[in-house]
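Hello,

The structure we discussed is pasted below, and my notes on the ligand site follow it.

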Amino acid sequence: MTAEQRSLLALDFCGLALSSPIALLSGCVGFGEEYTRVAGFSNADVGAVCLKGTTLEPRLGNAPHRVYETPAGMLNAIGLQNPGARHVVEKILPTLDFSETRFIANISGSTVEEYEEVARIFDDSPIDAIEINISCPNVKAGGVAFGNDPEMSARVVEVCRRATGKPLITKLSPNQTDIAHNARRCIEAGTDAFAVINTLMGMAIDIESRTPILGNRQGGLSGPAIKPVALLKVHQVHQVCRDHGIPIIGQGGITTAEDALEFIIAGATAIGVGTALFYDPLVCAKINAGIAAYLQRHGMGTVEQLVGTLVTERPATQCTS
Amino acid sequence: MNDRAHRDTIFVEECEILAHEAHPGAQHILRIRAPRIAAHARAGSFAHLQCDPLLPMRRPLSIMRVDAQAGWVDFLYKAVGEGTRLLARRGTGETLSVMGPIGTPFSPDPARPRTLLIGGGVGIPPMLFLAEELKRRGAPWAPFVIMGSEVPFPFQARPSRMLVPGVPEGVIAAMPLLEDWGVPSRLASRQGYPGCFEGYVTDLARAWLEALEPARREEVAVFSCGPHPMLEAAARLAREYDLPCQVSLEEFMACAVGGCAGCAVEIRTDAGPAMKRVCVDGPVFDARQVFGA
Ligand SMILES: Cc1cc2nc3c(=O)[nH]c(=O)nc-3n(C[C@H](O)[C@H](O)[C@H](O)COP(=O)(O)OP(=O)(O)OC[C@H]3O[C@@H](n4cnc5c(N)ncnc54)[C@H](O)[C@@H]3O)c2cc1C
Ligand SMILES: Cc1cc2nc3c(=O)[nH]c(=O)nc-3n(C[C@H](O)[C@H](O)[C@H](O)COP(=O)(O)O)c2cc1C
Ligand code: FES
C-alpha cells in the first residue's frame, strides 16, 4: 500500500490514533503476539488488538471440544481461559510492542465488583483502552447474563467508569431483545464506545453418540454466518450513538473489504476481524487495501467520511410494470 | 527484553498439488510444492490446510516427509468427514493454501539413541518423519519403527532383510521406504495381513523390549502418534519399563497459531492441572503430563 493509501485509513477512536480501522478481536489473537508467528503478518497492519477476555483470578476454561466448524462459521466455547489480570499486566503487557498498534484489554467478571477490580488493575497499566465484555455466552455467571439486562449492563459500565479514565468500550450481546435500549443505558452510565456484536449462542450435536459436541454443551457462533445479524445490530446501535458522538467497532463475520465497508456505512467507525483470521491469517492487509481503494474510487479523503453514510431514502424511480 | 523468537516461524504458501494418490481404506497421500514449509519442518510438525474454498475452517494434518532441496511436502490422511473428503477430490495441478510448519516437534535425547517409534493408522506420518530425521543424523541413533493399521497399509509391504531380536518368527512385513533407508520396521494388525504381527503395536513393542539387555533398555525412548487409546497403551508400556515417552496429540483447532485456545487439553504440571494448546505448546507432549506418572 502507498503512503497516501495508508493515510486514508488513519482515524481517531475515542482519542486513540488508529493507523487502520481494523481491530483484531478478543479471543482470536491470544494476548497480542500469537499471530506474529505467521510470516507476513504484522500487528502494524491493524489499528488495534483486543486481548483475550481477562478475569481477576486465573481460569482454566472449558473442557474440550472448544471449537467446531458450522455452516459459514464456527462455534466456540473457550470459557475465558486466562492467567488473571495481574499476570497479564505484570508479565504480558511488558512483552508487547506498543509501537506497532494500540492494545485493548477485554475484561470479564462473575460479579459487578470483579469487573470494577479488573478495570482498576488495567487502569494502572500501559493498556490503551478497556473493553467490557458483558456478552460472553460461555461462562456460568456474569457475561451474557449481565449483558442481556440493560440495568445490569449499566451498573457494570458505571463501576468500570469509576475505576478508569481510559477509553471504555462496551461489548454488546446480540442475544437480547432490545439492543438499542441497552446501548442507551450504557451511554448514560458513561461508556465511550461500543463493540457490536459478540457471538450468537448456538449448539451442535453428534448424532451417533447423541452428545453435544462442545464440552460446554453450548457455544458462541461467529464468522460469515452471523454477518447480516451483526450488520443490523450495528445499524440499530448507530441510531442511538450518532447524536452522542459515540463510536462503534462493528464486528461479526467480516472477511473481506466489502464486508468491512458495509459495517462502516452502517455506522461503525472501526471494524473487527476475528474468525476470518483462522482461514486467512494475512487477511488484514487485503482488507486495508480494499478499503483504501474504495475510498480513492469514491473520492474520500479519510475513512471517517464514510462512517454512517447509509442512504435510506431511495431515489425516486419510475415504475415500469 | 522481549522474547520474540517465535516470530515469522509459520509460512502461508499457495501450494501446487504435485501428486495425490488414493489408497484403500479412504487413505490418501498428498504431495505439494511448499518450499518454505519444507525448509523449516521438523519431525512432529503439522500444517493447517484449506481443503476447499467452500469450508470456513482449515484442517490440521501432520507432515510426513519433506525434501528441503526439491521443496515438496508429503501428507498421509484418511478421508473421514466433509473437509478431508473435499480435499481428496483436489487434483494434481490445483493449488491449496497451506500454513506451516506448526508446533513443538519431537525432541529425541542423545542419551537414549535406541528410539522406539510407534505409529497407528494416520498417526504414521510423524513417525516416518522422525525415522528419516534420525537416519540422517546417523550413528549412534538406532530407530526401530512399529506401525499398526486396521485397514490395508498405504504402501506395499516387503519382507524385511533386517533381523530384529525379539520379533516373533514370521513377522517379517516392513515398510519399503524404511528398508531402503536401513531403518528396521515391522507392521502390526488384527486383520491377518501376511507377514504382520497379529495383535496390538504395544504387544510387539513389549516383545522387542523384553529381548533387550537391561543396559540397552536404558538407552530406549518411546515416541508415539495415533489413536488416543493406542497412545495411552504406549504410555503405559513406557511407564512399566521406566522409559521416557513423547506422544503427539490431536484436538479440534481453529487458528492453529496459539491465538484462540480452541485446541487446549488438560496437562498435569508440577503446579497442578494446566490447559495447554495442542497447536503450539504441542502437538508433542511428554506422556506423563498427558496420562500421569
Ligand atoms: C496436529 C494434528 C495432526 C493430524 N494429523 C493427521 C494426519 O496426518 N492424517 C490424518 O488423516 N488426520 C490427521 N489429523 C486429524 C485430522 O485433522 C481430522 O481427521 C480432520 O480435521 C477431520 O476433518 P473432516 O472435516 O474431514 O471431518 P469432520 O469429522 O467432518 O470434522 C468436523 C470438524 O471437527 C474437526 N475434527 C474432527 N476430527 C478431528 C481430529 N481427529 N483432529 C482435529 N480436528 C478434528 C475438523 O477439523 C472439523 O472442524 C490430525 C489432527 C491434528 C490436530
Ligand atoms: C475462539 C473465540 C474466542 C472468543 N473469545 C472472546 C473473549 O474472550 N471476549 C470477547 O469479548 N469476545 C470473544 N470472542 C468474540 C469475538 O471477539 C467476536 O466478537 C466475534 O467472534 C464476532 O466476530 P467474528 O465473526 O469476526 O469472529 C471470541 C470469539 C472466538 C471465535
Ligand atoms: S487452534 Fe487456536 S490456539 Fe490452538
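Which polar backbone atom is 2.9 Å from a nitrogen atom of ligand 1? That atom belongs to L76(B). This is a predicted model, in which local features need pLDDT of at least 70, side-chain atom pairs count only at pLDDT 80 or more, and totals for chains, interfaces and linings use all residues. Residues are numbered from 1 along each chain as its sequence is written, chains are lettered from A and ligands numbered from 1 in the order in which they are written, and side-chain values use heavy atoms, with hydrogens and water left out.

Two further polar contacts (pairs of N or O atoms within 3.5 Å) involve oxygen atoms of ligand 1: a polar side-chain atom of R59(B) at 2.8 Å, and a backbone N or O atom of G81(B) at 3.1 Å. On its own, ligand 1 has 830 Å² of accessible area (Shrake-Rupley method, 1.4 Å probe), and the protein covers 86% of this.

Ligand 1 lies between chains A and B. Around it are 21 residues (a heavy atom within 4 Å), and R59(B), P60(B), G83(B), T84(B) and E250(B) come nearest. By type, the shell holds 11 nonpolar, 4 polar and 6 charged residues, with Gly counted as polar.

At least two shell residues each come from strand 5 (67-70) of chain A and, in chain B, from strand 4 (59-62), strand 6 (72-78) and helix 2 (82-88). Strand 4 of chain B gives the most, 4 residues. Helices (H or I, at least four residues) and strands (E, at least two) are DSSP runs, numbered from the N terminus.

Regards

Definitions and conventions: A polar contact is a pair of N or O atoms within 3.5 Å; within protein, one must be able to donate a hydrogen and the other to accept it, and residues adjacent in sequence count only if both atoms are side-chain atoms.
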